[in-house]
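Let's take a friendly walk through a protein model together. Have the structure open beside you, and follow along as we go from the whole chain to single pairs of side chains.

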Amino acid sequence: MAPVFINLVLFAALLFGLARLQSGTLSLSARVFVGLVLGTLFGIGLQLVYGAANPTLATTISWINIVGNGYVQLLQMIVMPLVFVAILNAVSKLHDASSLGRISALTLGTLLGTTAIAAFVGVAMSLAFGLTAEGLAQGAQETARLSTLQSTYAPKVADLTLPQLILSFIPKNPFADLTGANPTSIISVVIFAGFLGVAAIRLVRRDPDKGGRLIAFIDLMQSWIAQLVRLIMTLTPFGVMALMTKMAATSNAADILNLGKFVLASYLGLAIMFGVHALLLAATGVNPLAFFRKVLPALSFAFSSRSSAATIPLNVEIQTRRLGVPPTIASFAASFGATIGQNGCAGLYPAMLAVMVAPTVGINPLDPGWIVSLIAIVTLSSAGVAGVGGGATMAALIVLPAMGLPVTLVALLISVEPLIDMGRTALNVNGSMTAGTITSQLLGQTDRAVMASEDEGSLQNA
């Protein structure tokens, strides 16, 4: 236990150092980046000293997980309350409920449109790098993984149809959805809160006295939840450092090198999609460099946590307080973006896998008709993919069978899955913030003073 104790003392010292930075002048973005770097270096050091399979390292990581996974769970704790209250508050203050249609259409259009582009980029990357499923070995770990996928995930998606998926969005038990009981719970909560908000608008018109009291109560709840969110946000650098420590300490370098071409192609595709987002932002009058600088804390947390859903609180906070996006649009974009139109997990990844698998069953991946079908299926199936670790697996298990392809490759890539999933999740979150910003710009609702501001300290002392 002595080595474990020493490791934990060193980790505690790093946490203390980060805490000292909190009282300084560094912005939240800078502190999150420092936490990311410290965690990565500390994790690499632990693996070099003990080795990835060492029991001492496993015990150390189990204690460090209290900080990392604990922070993720705190964020998950506030996701549903935040989404519900934010949507309810935003909709109830609209003068015209019909504007919800424009907001939803632009947000979903941007998300699904960029997912289609991501699918095309995924096809291009697999073809450019000559990626194929042939020659990949299936060992004991991969066999067990495939068995788990077929028994756990497959039953959920085997009989999935588009009408059933759309129907699953409509809440039949909002209290169950508030617990996150279903993969599409976030969308159901958004819809439920939207209906309540429209009902509040109607009440204000028909009974101004009662309606005024209701609006004041909703506004009070919004302020209360906002303070809770900002309280949790102050813990972000510590959570990121712990998560990166675990990732760096437990990654298998040999497996990563063995599948290096797939990793390289994946990250090049992710980089291209970040470039696509930048072009779309520039086309709507947003400075891409300023945008990426302001959203860095959300991208850093998404990268280390691998959870789009857990990033929703930080996503909304950054859109409203740094990008000048109205709460209505920010809440819709963050909520929809966690389950619909995920550019990385539901766009790029399943398209790459489909192209890799196609030749093994006699399909020509260069056939234009097949590529168009693939992009269409990827885009449509991107609706409802859960915004948590494993969302890409769910997306692949929907797309591959729909294209008549085997799912074996999903299991064969298990060794590099966590590394690639980090980048995919960051792209997912960036896509949702891009959708919110573009929607706000096109509707002329962006707070120009906030968008133009160079101040990054708004989240620091929140």
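## The chain as a whole

The chain has an accessible surface of about 18800 Å², and carbon and sulfur atoms make up 68% of that area. Keep in mind that this is a predicted model.

What does the secondary structure consist of? The chain has 21 helices and 0 strands. Of its 462 residues, 53% count as buried.

## A covered helix

Now find helix α16, which runs over residues 343-357. From the first C-alpha to the last, its 15 residues reach 20 Å, close to the 21 Å expected at 1.5 Å a residue. Is α16 mostly covered or mostly uncovered? Mostly covered: 15 of its 15 residues are buried.

Side chains of opposite charge can pair when their charged atoms come close. In this structure there are 5 salt bridges.

One of them joins Asp209 and Arg213, with 2.6 Å between the closest N and O atoms. Both residues belong to helix α9 (residues 208-233), where they sit 4 residues apart, about one turn of the helix.

## Salt bridges across the chain

Other pairs reach further along the sequence. Arg230 forms a salt bridge with Glu317, and their closest N and O atoms are 2.7 Å apart. Because Arg230 lies in helix α9 and Glu317 in helix α14 (residues 312-321), this pair ties together parts that are 87 residues apart in sequence. Arg230 counts as buried at 19% relative accessibility, since the cut-off for buried is under 20%. Glu317 is buried too, with a relative accessible area of 6%. Arg321 joins in as well: Arg230, Glu317 and Arg321 are linked in a network of salt bridges.

Next, look at Asp421 and Arg306, a salt bridge whose closest N and O atoms are 2.9 Å apart. Asp421 is in helix α20 (residues 417-442), while Arg306 is in the loop between α13 (288-305) and α14, so the pair links distant parts of the chain, 115 residues apart.

Technical notes:
Residues numbered from 1 in each chain as written. Predicted model: local features only at pLDDT ≥ 70, side-chain atom pairs only at ≥ 80, totals over all residues. Heavy atoms only, no water. Salt bridge = Lys/Arg side-chain N within 4 Å of Asp/Glu carboxyl O. Helix = DSSP H or I, 4+ residues; strand = E, 2+ residues; numbered from the N terminus. Buried < 20%, exposed > 50% of the residue type's maximum accessible area, 1.4 Å probe, protein only. Expected span 1.5 Å × (residues − 1). Areas by Shrake-Rupley, 256 points an atom, 1.4 Å probe, with all protein chains shown as cover.
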